[in-house]
Amino acid sequence: MAPRALRYYEQRGLVTARRTPSGHRVYDEEDIRRLRAVRELRDAGLTVGDVRAFAHLLRTVPADGVPDLLPQAPGSGGCSAAEAVARRRLADLDARIARLSHLRARLAARLGEPEDEVAESAEPGGTGRAGADSGPLFRLETAPAPGGRALRA
């Protein structure tokens, strides 16, 4: 994870770094587990704003990951707040896909290209910009930390 991303997550309240006397940030095992959960949720399509909506639950994420927060089946015991946020994001992504598919079909038609199966099934997703409230997006490195235990900033 890039130092810039770590600072951003700290600014957003997703992690709190302790400081050495010389001012360097120090992250403990709980911080690393929390950051991995944030990265996993971001990789699943959630925004930082989405994760902030249930950041207080990140303390409860088990060492093996996020599945306890985001249930794979309705009623499976996951967190309802996290599930509601994830379902809202999923609907937003569906709207974006529909809107982009519609735009693609229109452009392809102007270029005289045949419509493909995706474009034919697309419906206009409305006139507003989907996800306008999603906030800034970061590309996060997915390489595991050296030795799987330490995270350097």
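1. A word on the model first. This is a predicted model, in which local features need pLDDT of at least 70 and side-chain atom pairs count only at pLDDT 80 or more, while totals for chains, interfaces and linings use all residues. Residues are numbered from 1 along each chain as its sequence is written, and side-chain values use heavy atoms, leaving out hydrogens and water.

2. Start with helix H4, residues 80-110 (helices are DSSP runs of H or I, at least four residues, numbered from the N terminus). Its 31 residues should span 45 Å at 1.5 Å a residue, and its end C-alpha atoms are 45 Å apart, which agrees (the expected span is 1.5 Å times one less than the number of residues). After H4 comes Gly 112, with a positive phi near 80°.

3. Now look at Arg 89, found in H4. Arg 89 counts as buried because its relative accessibility is 8% (buried means under 20% relative accessible area, with a 1.4 Å probe and protein chains only). Its side chain makes a polar contact with the side chain of Asp 50 at 2.6 Å, and another of 2.6 Å with that of Asp 92 (a polar contact is a pair of N or O atoms within 3.5 Å; within protein, one must be able to donate a hydrogen and the other to accept it, and residues adjacent in sequence count only if both atoms are side-chain atoms).

4. Asp 92 also lies in H4 and, at 14% relative accessibility, counts as buried.

5. Leaving aside neighbours within four places in sequence, Val 51 is in contact with Leu 14, Val 38, Leu 41, Leu 46 and Leu 58 (contact means heavy atoms within 4.5 Å).

Conventions. Helix = DSSP H or I, 4+ residues; strand = E, 2+ residues; numbered from the N terminus. Buried < 20%, exposed > 50% of the residue type's maximum accessible area, 1.4 Å probe, protein only.
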